[in-house]
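Me: I have a structure open and would like to go through it step by step. Could we begin with the backbone and then move on to the rest?

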Amino acid sequence: MRGLLASVISLDFFLLSSKLKSACAAMTSQRHSRSQERSKSKGLSCRRVAVHLLFFFMVGIFIGFMPLFSVDVYKKIVTENERLPFHEGVIETETMGTKVKELETVVVEKEVELIDEPQVQESPPVPAMLDDEADFAESSPALPAIEESDIPAKKLLIIVTITSVRPQQAYYLNRLAHVLKAVQAPLLWLVVEWPEQSYETAEILRSSGVMYRHLICRKNTTSVRKIAVCQRNNAIYHVKRHHLDGIMHFADEERSYSADVFEEMQKIRRFGSWPVAIHVGTKYRAVLEGPICKGNRVMRWHTVQTVQKKSLTRRFPIGFSAFAFNSTMLWDPQRWNRPPMDSVIVHSGGRGGLQESRFIEKLVKNERQIEGLPDNCNRVMVWNFNLEPPKLNYPTGWAIYKNLEADMPVI
């Protein structure tokens, strides 16, 4: 019995171990098959991606090498949209399109008939109520075409005025402002004041109606000649810094100007000059200072001898109020064949007209480069009258205030 039981137990253990072995073998075979399937699916997906990339790459190359052509897509889309019954006004748009085409053909036929007909000189009818542009074209007379070259270009006039606070300042500035206001634009008034911008001067410039710039010269000196040099040089530096292109003139506020002289300045190309009437002495006597011309060519000079020494002669015997020049000569020397390092400024040295003569010598070489204004220089347009009152000497101890108040006794 014991042997039989032992044999049965050994048989059961053998069957159990064989089942376990078969189960393990089945599990390992399933895992191996799954890994093979996964590797196969990964390979297939990579191949698909590569095929897609290659396909799109070939399509891109094909599109890139295709010849360019234009297709009128807009007209096709419009015709298709008109045919589609998306709204109720499809029939109206088609009828309107046909009417417009018929009107265009009628207008073209009328124009062809008008061209073919011979021209008959008739008085143009008066256009009372014009319905269309065709009637207006027939009734209006032909106007001559205006070219841009026919319209003369106005040059910018750069007028420089030096001033300072004194009793006659308002009178001088207002008088010059009225003259400049009558000159045709463009005009720029550069007013240089010493030693600071006063409220009274600013008010006069604001109410003048002239385009202006208010500059200052802060030179600490009491010499009138050095102050005037500083003011003129400040105006020159301003023109150089901003590259102002125009005709520049130093218009002193004490001078009396005619508006014609500013109109004549528009004719200047390089350098222009004109005669000036100067009051000499205490008697009512005036002399001319300026060019003597034949046409616009300067031949000789009217001169007033103001230099004491004979050795100091003026090459160009005129003052600042007797000439004007092209402002580009100050900041564009290559245009005028001048040395680039030659700076054009007013020097403080030189009296009796030498200051103006030395300034002109840097702008022109001889009289051939000077244009006489007006024609034959036969008209005086600038007057130099000394209207400054003499200085009054008050007794010591007297004081003068700006706002004087007096109490008058009543008798």
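Me: Where is His-243 found?
Reply: This is a predicted model. In it, His-243 is found in the loop between H7 and S4.

Me: What is the phi of His-243 near?
Reply: Phi of His-243 is near 50°, which is a positive value in a residue other than glycine. Most residues other than glycine have a negative phi.

Me: Is His-243 buried, partly exposed or exposed, and why?
Reply: His-243 counts as partly exposed because its relative accessibility is 46%, and that class runs between 20% and 50%.

Me: What about Asn-376, and where does Asn-376 lie?
Reply: Asn-376 lies in the loop between S11 and S12. Its phi is near 65°, a positive value in a residue other than glycine. Asn-376 is partly exposed, with a relative accessible area of 37%.

Me: Which residues does a cis peptide bond join, with omega about -15°?
Reply: That bond joins Leu-373 and Pro-374. Pro-374 is found in the loop between S11 and strand S12, which covers residues 382-384. The peptide bond from Ala-185 to Pro-186 is also cis, with omega near 5°. Pro-186 has its place in the loop between helix H5 (169-181) and strand S2 (187-194).

Me: Changing topic: where does UniProt place the feature "active site"?
Reply: The UniProt record, an unreviewed entry, places that feature at Glu-356. Glu-356 is in helix H10, residues 354-361.

Me: Is Glu-356 buried or exposed, and why?
Reply: Glu-356 counts as buried because its relative accessibility is 16%, and buried means under 20%.

Me: What does Glu-356 touch, beyond residues up to four places away in sequence?
Reply: Glu-356 touches Ile-318, Gly-319 and Phe-320.

Me: And how many residues of H10 are buried?
Reply: H10 is mostly covered, with 6 of its 8 residues buried. Among them are Leu-354, Phe-359 and Ile-360. The buried residues of H10 pack against H7, strand S4 (247-250), strand S6 (271-273) and strand S10 (323-326).

Me: How much space lies in the largest pocket?
Reply: About 1300 Å³ of space lies there. The largest pocket is lined by 41 residues, and those nearest its centre are Arg-232, Asp-252, Glu-254, Arg-255 and Asn-384.

Me: Which helix gives the most to the lining of the largest pocket?
Reply: H7 gives the most, with 6 residues. Strand S1 (157-164), strand S7 (276-279) and H10 are among the elements that each supply at least two residues of the lining. By class, the lining has 15 nonpolar, 14 polar and 12 charged residues.

Me: On to the rings: how many aromatic pairs does a search of the whole structure find?
Reply: The search finds 13 aromatic pairs. In one of them, Phe-55 and Phe-56 have ring centres 5.6 Å apart and planes at 65°, so the pair is edge-to-face. Both Phe-55 and Phe-56 are exposed.

Me: Which residues do ring pairs link into a cluster?
Reply: The cluster consists of Phe-250, Phe-271, Phe-320, Phe-323, Phe-325 and Phe-359.

Me: Which residue is 98 residues from Phe-271 in sequence and 6.8 Å from it in space, C-alpha to C-alpha?
Reply: That residue is Gln-369. Gln-369 has its place in the loop between H10 and strand S11 (371-372). Phe-271 is also one of the residues that Gln-369 touches, and Arg-270 is another.

Conventions:
Residues are numbered from 1 along each chain as its sequence is written. This is a predicted model: local features need pLDDT of at least 70, side-chain atom pairs count only at pLDDT 80 or more; totals for chains, interfaces and linings use all residues. Side-chain values use heavy atoms; hydrogens and water are left out. UniProt positions are given in the numbering used here, feature names are shortened, and annotations may be inferred rather than shown by experiment. Helices (H or I, at least four residues) and strands (E, at least two) are DSSP runs, numbered from the N terminus. Buried means under 20% relative accessible area, exposed over 50%, partly exposed in between (1.4 Å probe, protein chains only). Contact means heavy atoms within 4.5 Å. On a 1 Å grid over the protein atoms alone, a cavity is a set of points where a 1.4 Å probe fits but cannot get out, and a pocket is an open set with protein on both sides within 12 Å along at least five of seven lines; lining residues have an atom within 4 Å of a point. Grid points are joined across faces, edges and corners, and a volume is the space filled by probe spheres set on the points. Ala, Val, Leu, Ile, Met, Phe, Trp, Tyr, Cys and Pro count as nonpolar, Asp, Glu, Lys and Arg as charged, and the others, Gly among them, as polar. Rings of Phe, Tyr and Trp (its six-membered ring) pair if their centres lie within 6.5 Å; planes under 30 degrees apart count as stacked, over 60 as edge-to-face and the rest as tilted.
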